[in-house]
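Dear colleague,

Please find the structure handed over below. My findings follow directly after it.

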Amino acid sequence: MPSIKELSKREELLTGGHRACAGCAATIIVRQVLLAAGKDVVVGCATGCLEVVTTIFPYSAWKVPYIHNAFENVASTISGVESSYRSLKRQGKIKKEMRFIAFGGDGGTYDIGLQALSGAAERGHRMLYICYDNEAYMNTGIQRSSATPIGAATSTCPAGDEIPGKVQYHKDMTKIMAAHRIPYVAQASPSHWNDLVKKVEKALSKDGPAFINILSPCHRGWRYPMEDTIEIARLAVETCFWPLYECDEGTWSITHTPKEKLPLSEFTDRQGRFAHLKEYPELLQSGQDEIDRRWREIQALSGIGNLCVMPCEEAGEQN
Amino acid sequence: MKSIAAKKVIALTGNDAVAEAMRQVNPDVVPAYPITPQTELMHKFADYVSDGDVKTELVLVESEHSAMSAAVGASAAGSRVMTATSANGLALMWEIVYIAASSRCPLVMTVVNRALSGPINIHCDHSDSMGARDSGWIQLHSENGQEAYDNVLQAVRIAEDTDVLTPVMVCLDGFIISHTIEPLEVIPDKTVQEFIGEFRPVHNLLDSDKPFTFGPLDFHDYYFEHKVQQIKAMEKAPNVIESVGIEYGKLTGRKYGHVETYKTEDAERIMIALGSTCGTVKATVNELREKGEKVGLLKIRSFRPFPVKEVREALAGAKAVAVLDRSASFGAQGGPVMMEVRSALYGETAPPIKGYIYGLGGRDINPDHIKQAFDEVKDMASSGKSSDETGFLGVRE
Amino acid sequence: MKAKGWKDLAIGGRIEEAGCAEEFETGSWRTFRPVRDEEKCIHCLRCWIFCPDSAVLVEDGKVTGVDLDHCKGCGICEKVCPPKVHAIDMVKETDLDKEE
């Protein structure tokens, strides 16, 4: 595990000059991932913020081989790249060790890209799929995705007079990928760069598919001051809204335990997309309950506590 | 390249003939998804893969959209790539079919022609490949199993030509050709390898010492120029199709061009068709000629790029033309072939012309239908007037 | 970069020069500029690893400056600098102009 000083001596593989919004987490994530991965990679990118801002013809911010195909198919596109590598390596036409990394936003991963990702995972390609999750279709104007958390306002589920924003929970995408029984699945955050880099290294060492879901705060869509991006990511982790954990060859572990589990409101109070929740405390409570439930699940999977013990009256009566 | 003395004649279905051609090409990667009537093609090829007869990495993707996506990825990563599909499979990958062409990936895809839903129908018609006629792919049609085999081999050379670098769709009629056993000549493996040559990728993402970006975002300041490049490449394709066809002819005795004319030199009435129906038309032409009728067939092999010059030449002396379309273009002035032919004749001394739609959803076309069409255009031959009304062959009113 | 015509462009939309986005200057987006106090800076490199635009320049494990051609002035660097260190201040560009 390289120190930050060691990482700083490595070549920057994402240049400045891209058109990401000032304070965008996605490009922070890419920088950290590529510092861990090195230059012998092929990067695929789904249509979305990252792809658009980094490859406006004739400019490209990528110093590694890069492919963009369409919105829903970065997983199958990289499957093709990886298959070419397998074939040519088997034929002795290529000797270099290379790795394959697909970047998709939550839209291109949880929604329209789910099929391609699931297929790639099942086929066992040696590729790392990274979802940079900004919790909505940001590039097209902040429309809701299945990654948008409950209670959040987006342009297609605004908080209005009748409907208080999104009323569904966000998909537990990381667990869906774990259910594919691939060698490595994890959640990470750019705020915890050390944990992120470790996870990328581990993922790339696996001889099979790996998936890392990385929270990518977006100050445009989430409505917070742009300088707070890393702080917001940190709060997501500390409230257990976005727990940092991994499932490594079937073994679950929490890689960062908050010293003190903060209430969800510490995260939501900082963001304009949740501003209306003061009028809907029950919705915030729903969100809190769901976060708690998922945290308990992760803890139980990691050997802490028990999913069968419900902290509510009904359970007490049953017992 | 000398002519081959030892050729093999074997009985194969169209699907197996294509699979055999693919085995001989021995592509690096084949991503594919099953759909009737392409399935047996995949099965046969999968046998080759499992037995180690090919070096191909077979990627059994979870949908046709992923098949074409993986094909683009593999091609961009320096592999020779082939795939196959039909009908709704082609429709599902439609988005990426365009991207394969615009990215200049020299893919070869066999389309076993089947009707597009709905209603769902698994039988032969050309609505699938015709639906992709604006996608930027070269499209070659096959009359029989032999042509399907020959077209696949030539397609590799055409697609990879550095002046062209455009993917090629080889079409063969679903069930009629794909599932019919015919005797055909296959050439030796070594000859195929010499003919297609080693793959020299233009795109190679795996060369991390020479990184490049594939698939950028274009604004209005560049998209048009990229598209013009595609148009210009397609304009170079006819010469390449012709020269590859001549070379293939020297190798096998079967020369190919953009069209095939059958007894058109002195024909008064000429019928135009694509695919297996051409066989039926040829047989009917022979029958009618015995009775003294001067009829002929213009078979179109290369639908994209459309062979304007050859069509004008073939029809120059005709007194009437019947165009057969095995797909409809709702609201248009006839089927796709009709529109191309009529457009080719604009401004020329054009014979009167009538378009027919036939065979949708696998509806059979037989010599009686052909005779009916030849008969109907007899009046046009004498009056000299074209018909704006599209005829239908074999439909119940 | 002068716009090429269809005859000169690489085919298929390829961008041949990897990383040429560096030629595109986003520094003009700034309204605030990070100003780093060399005396206070402990070279923890947090500003470097959290910069979205690869704009914190580091050499031999030490921060040497900011790439003003690309820095968008988001202010993350100021925020992530350890509170006890506080080596970076976001200063309004227009105030800096006045100083100059």
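Helices, of at least four residues, and strands, of at least two, are taken here as DSSP runs and numbered from the N terminus. The model is a predicted one.

I begin with chain C. Read from the N terminus, the elements of chain C follow the order β-α-β-β-α-β-α, that is, three helices and four strands. Chain C is more spread out than a compact globule, because its radius of gyration is 17 Å, well over the 13 Å that the globule rule gives for 100 residues. The C-alpha trace of chain C spans about 60 × 35 × 20 Å along its principal axes. Of its 100 residues, 40% count as buried. Where contacts in chain C join residues at least 6 apart in sequence, 62% of them link residues at least 24 apart.

I turn next to chains A and B. Their contact involves 39 residues from chain A and 38 residues from chain B. On the side of chain B that touches chain A, at least two residues each come from β2 (29–32), β3 (57–60), α3 (64–76), α5 (94–102) and β9 (213–214) of chain B. The largest share of that side, nine residues, is supplied by α3(B). Sorted by class, this side of chain B holds 21 nonpolar, eleven polar and six charged residues.

Strand β2 (residues 66–68) of chain A pairs with β9(B) in the parallel sense, over two bridges. Within β9(B), Thr213(B) stands opposite Tyr66(A).

With kind regards

Note on methods
Residues numbered from 1 in each chain as written. Chains lettered and ligands numbered in written order. Predicted model: local features only at pLDDT ≥ 70, side-chain atom pairs only at ≥ 80, totals over all residues. Contact = placed C-beta atoms within 7 Å. Nonpolar A, V, L, I, M, F, W, Y, C, P; charged D, E, K, R; others polar. Pairing = 2+ DSSP bridges. Rg over C-alpha atoms; globule rule 2.2 N^0.38 Å. Buried ≥ 20, exposed ≤ 12 C-beta atoms within 10 Å, placed from the backbone.
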